[in-house]
Each structure stands twice: as structure tokens, then as C-alpha cells.
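This report describes the overall fold of a chain and then turns to a single residue within that fold.

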Amino acid sequence: QVQLVESGGGLAQAGGSLRLSCVVSGRTFSGSAIAWFRQAPEKEREFVAAISRTGDFTYYADSVKGRFAISRDDAKNSGYLQMNGLMLEDTAVYYCAADTNPPSVSSRYYYSRPSVFEYWGQGTQVTVSS
């Protein structure tokens with residue numbers, strides 16, 4: 001059974017930073033692509049960022065490009081989302097997701113679809129205040 005556990009959420013001021021972590025257990029982490037999605041109240045879940053299984057490729061939503069950075073550490077079975085320049089509209093529950101059989105060639109469009117990911121974490125709340 002694959003489990004994903006997020007941490008690092010909390011309250012931050014606008015312009016501040018937070019770093020989210022996602023620990024994956026139960027399967028070889030290195031073969032999986034990892035992504036972050038978020039869902040604000042009364043809104044659909046939306047793609048934030050993804051990183052390929054090799055770490056060579058990263059993909060971002062336009063709304064976070066230049067402010068957020070996704071990374072991974074296979075030795076720790078962990079993925080990360082560094083969030084800088086936080087804005088009020090970044091307030092949401094953030095979910096980590098794993099695609100355990102990613103294609104060899106992929107795109108932002110591919111990773112932007114929640115249906116691609118078989119496993120999800122429970123979510124961590126990020127609240128940005130003015």
C-alpha cells in the first residue's frame with residue numbers, strides 16, 4: 001500500500017514563504033513522478049507543480065511560476081514544494097500526488113490532470129494572510 005504524508009503547511013503572511021514536504025512509503029519512490037495540487041474552498045482541485053521521476057523535468061502552473069519550486073530527494077523518499085512570495089490567492093489545501101507509472105516523455109498537460117495520479121496524500125492547509 002502506497003502512502004503519502006504531507007507536512008509543512010500553516011499560516012504565512014503575504015510575501016512570506018513556506019516549504020511543504022511529502023513523504024512516500026510503500027513503493028519505490030524513485031520510479032514515481034510527483035505532483036502538488038491545491039483546492040480552495042468551493043473551487044476545483046488545480047494543478048500546481050510536478051516533477052518527473054528522474055527529477056530532470058519540472059512543470060508549473062502559470063499562477064505559481066517563478067514563485068514556487070518543486071524538488072525531490074529519492075534518498076529520503078520525499079518530494080518538496082518551496083513556496084515563496086506567497087499571495088492571498090495561494091490559500092488552499094495542498095495535496096501531494098504520485099504517478100507510479102509515468103511515461104518516458106511527458107508534458108505539463110499530462111501532469112495537470114488529477115486522474116493521472118493513483119495515490120494522494122491527505123492534504124495540508126496553507127493560509128496566507130495580509
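## Basis and terms

A residue is called buried under 20% relative accessible area, exposed over 50% and partly exposed in between, with a 1.4 Å probe and protein chains only. By that definition Ser32 is buried, since its relative accessible area is 3%.

The model is predicted: local features need pLDDT of at least 70, side-chain atom pairs count only at pLDDT 80 or more, and totals for chains, interfaces and linings use all residues. Residues are numbered from 1 along each chain as its sequence is written, and side-chain values use heavy atoms, with hydrogens and water left out.

## Overall fold

The chain has eleven strands and one helix; these are DSSP runs numbered from the N terminus, helices being H or I of at least four residues and strands E of at least two. Read from the N terminus, the order of elements is β-β-β-β-β-β-β-β-β-α-β-β.

The C-alpha trace spans about 40 × 25 × 25 Å along its principal axes. Of the 130 residues, 44% count as buried. Contact means heavy atoms within 4.5 Å. Among contacts between residues at least 6 apart in sequence, 60% join residues at least 24 apart.

## Surroundings of Ser32

Ser32 lies in the loop between strand E3 (18–25) and strand E4 (33–39). Apart from neighbours within four places in sequence, Ser32 is in contact with Arg53, Arg72, Asp99 and Thr100.
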